[in-house]
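Trainee: I have a structure open and would like to go through it with you. Where shall we begin?

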Amino acid sequence: MDVSIWVIVANMIVLLGAIIFSFYISKRTRNNEGWAVGGRALPVYVVILTQFATASGGGMLVAQVGIGYAFGWSVITYGLFTGAGVLALLFLAKWLRKNDFISLPDIFKKIYGTHPFLITTITFMTMVVPFGWLCTQLVAFGRLFSELTGVEPWLLMLIFTVICLLFIIPGGMVSVAWTDLIFGILMLVMAVVASIYAITSAGGWSAIVQAVPQENIGIEGFWSVGLLTVLFWSLSLTPGTMTNQMYFQRIYAADSMKTVVISLFSTAALLILTKLYAALVGMSAYTMNPNLDNPESAAGMFLSNMPSILMVAYSTFICATLLSTVTSAVQSVVVNITRDIYQSYLNPKVSDGQLLRTSRIFSVFVIFFAFALATLYPRALDWIVASYAYSAAGLFAPLFIGFALKDRQFLTFKGAIAGMLFGIAGAGLAHLLGTTIPYVALGLVASTIGLLLVSAATRNKNTTTVVRKETSI
């Protein structure tokens with residue numbers, strides 16, 4: 001039987017089993033809070049693996065292997081900055097749980113008040129990153145599995161879209177998190193298997209050391225990508241992670257503060273370890289073929305050289321990785337639409353049952369809109385990736401400086417609006433001009449200046465000073 005048939009059969013078996021499990025576990029979803037934040041009752045092992053599975057995504061499969069191919073250990077540095085962003089959330093975690101938040105805009109409401117323009121702007125900025133992830137994961141699925149099966153990418157994306165809905169609709173966060181438990185285990189096992197196979201295929205570690213440039217595999221390999229790129233990563237990945245709602249939701253969903261602490265440390269460690277996988281596979285691919293025109297082709301080359309049985313198993317790893325990120329992204333975007341837009345402005349008196357049904361309905365609209373965008377404009381998705389940096393530039397200062405100064409009666413909602421707009425404008429201008437300093441750095445500086453200066457100018461006006469004083473955490 002052709003290997004493509006085996007790939008399809010294996011993935012259908014895995015997905016069917018996970019769908020059945022998703023419907024079974026969704027019985028725990030009795031209200032919209034369960035759909036949005038898992039009823040705040042997820043155990044530690046589920047929280048760890050849903051954080052890890054959500055954070056990995058298609059980047060681990062293609063882009064990060066490409067970094068390993070071209071720059072060796074530098075991809076681990078990439079992971080260190082992402083892990084640092086995850087750990088930084090510990091500083092907010094206790095306060096976040098004390099206030100029973102559900103979405104990222106809830107935090108801004110607590111700090112700055114409920115000014116409509118502010119909250120609407122934050123809501124749309126919060127949705128940008130997960131929606132961008134959603135689109136790019138659909139494209140990645142279509143392209144990767146088209147190479148494996150010969151089926152048209154658009155048809156594969158359509159099938160994948162329907163499958164994702166079967167995961168999300170029943171239980172929202174409950175469905176996503178508990179199926180991530182299965183996918184996360186599969187991803188970890190296959191990352192280990194793939195790493196061992198890659199090293200063996202390249203002729204062993206000694207062959208890799210001889211073939212890979214010394215500047216990539218020695219200690220200097222951790223910054224061989226270039227200090228300017230390392231700086232850009234530090235200023236986009238860490239703040240971007242710290243403002244990504246999908247990580248916040250899993251803090252809200254944990255069953256205890258102890259679970260949050262353990263899960264964040266464990267997630268950071270697992271994220272760094274998966275970058276070790278990317279480095280090993282990338283450098284092994286370089287050893288086998290150092291002349292690839294595009295480093296991101298390394299993952300495809302590695303996959304095409306696998307024996308049939310391992311290729312089939314690896315395909316389930318790809319499917320699980322992409323599915324986990326897509327379902328998490330859809331669920332996150334829908335929470336913003338239903339709670340921060342629909343309930344806040346269109347139907348404040350909506351019942352909990354109606355809100356749960358509305359969440360399921362909007363899941364359909366969101367994922368099919370993403371499918372349409374991914375199908376019609378796949379090449380236009382590159383700018384969505386940059387949205388990570390723009391989101392960080394606009395949200396980081398109002399969120400974390402706001403948290404630090406929330407008891408000082410200094411910041412205002414006008415300052416927060418200025419911080420967001422200055423951050424986006426500063427990053428955009430620097431990006432357009434092609435400055436030597438990473439554009440996200442100028443965006444962060446501009447955002448901080450806008451937040452503080454405008455707050456200082458408006459804090460004495462009774463109509464604009466809305467920060468609520470709280471007891472210390």
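Trainee: Which residues is serine 447 in contact with, leaving aside its neighbours within four places in sequence?

Mentor: Keep in mind that this is a predicted model. Serine 447 sits in helix H21, residues 439-458. Its relative accessible area is 0%, under the 20% cut-off, so serine 447 is buried. Beyond those sequence neighbours, its contacts are Ala393, Gly394, Ala397, Pro398, Gly419, Met420, Phe422 and Gly423.

Trainee: How do the residues of the contact of H9 with H10 divide into nonpolar, polar and charged?

Mentor: H9 contributes Phe167, Pro170 and Gly171. H10 contributes Met173, Val174, Ser175, Thr179 and Phe183. Gly counts among the polar residues here. The division is five nonpolar, three polar and no charged.

Trainee: How many aromatic pairs are there, and why is the pair of tryptophan 73 and phenylalanine 222 stacked?

Mentor: The structure holds 18 aromatic pairs. In this one, the ring centres are 6.2 Å apart and the planes lie at 15°. Planes under 30 degrees apart count as stacked, so 15° makes the pair stacked.

Trainee: What parts of the chain does that pair link?

Mentor: Tryptophan 73 is in the loop between helix H4 (63-71) and helix H5 (74-88). Phenylalanine 222 is in the loop between helix H12 (214-217) and helix H13 (227-242). The pair thus links distant parts of the chain, 149 residues apart.

Trainee: What kind of aromatic pair do phenylalanine 167 and phenylalanine 183 form?

Mentor: Phenylalanine 167 lies in helix H9 and phenylalanine 183 in helix H10, so the pair ties together parts 16 residues apart in sequence. Phenylalanine 167 is buried at 1% relative accessible area, and phenylalanine 183 is buried at 2%. Centre to centre, the rings are 5.8 Å apart. With 55° between the planes, the pair is tilted.

Trainee: Which residue lies over the face of phenylalanine 403?

Mentor: Phenylalanine 403 belongs to one aromatic cluster with Trp95, Phe101 and Tyr252. A residue lies over its face, at 4.4 Å from the ring centre. That residue is lysine 406.

Trainee: What is phi of aspartate 100, and of glutamine 409?

Mentor: Aspartate 100 is in the loop between helix H6 (90-98) and helix H7 (104-112), and is partly exposed at 49%. Glutamine 409 is in the loop between helix H19 (382-404) and helix H20 (413-433), and is partly exposed at 35%. Phi is positive for aspartate 100, near 55°. For glutamine 409, phi is also positive, near 55°.

Trainee: What separates the C-alpha atoms of glutamine 210 and methionine 283?

Mentor: Glutamine 210 is in helix H11, residues 205-211. Glutamine 210 is exposed, with a relative accessible area of 70%. Along the chain, methionine 283 is 73 residues from glutamine 210. Their C-alpha atoms are separated by 11 Å.

Technical notes: Residues are numbered from 1 along each chain as its sequence is written. This is a predicted model: local features need pLDDT of at least 70, side-chain atom pairs count only at pLDDT 80 or more; totals for chains, interfaces and linings use all residues. Side-chain values use heavy atoms; hydrogens and water are left out. Contact means heavy atoms within 4.5 Å. Helices (H or I, at least four residues) and strands (E, at least two) are DSSP runs, numbered from the N terminus. Rings of Phe, Tyr and Trp (its six-membered ring) pair if their centres lie within 6.5 Å; planes under 30 degrees apart count as stacked, over 60 as edge-to-face and the rest as tilted. Buried means under 20% relative accessible area, exposed over 50%, partly exposed in between (1.4 Å probe, protein chains only). A charge sits over a ring if NZ of Lys or CZ of Arg is within 6 Å of the ring centre and within 35 degrees of the ring normal.
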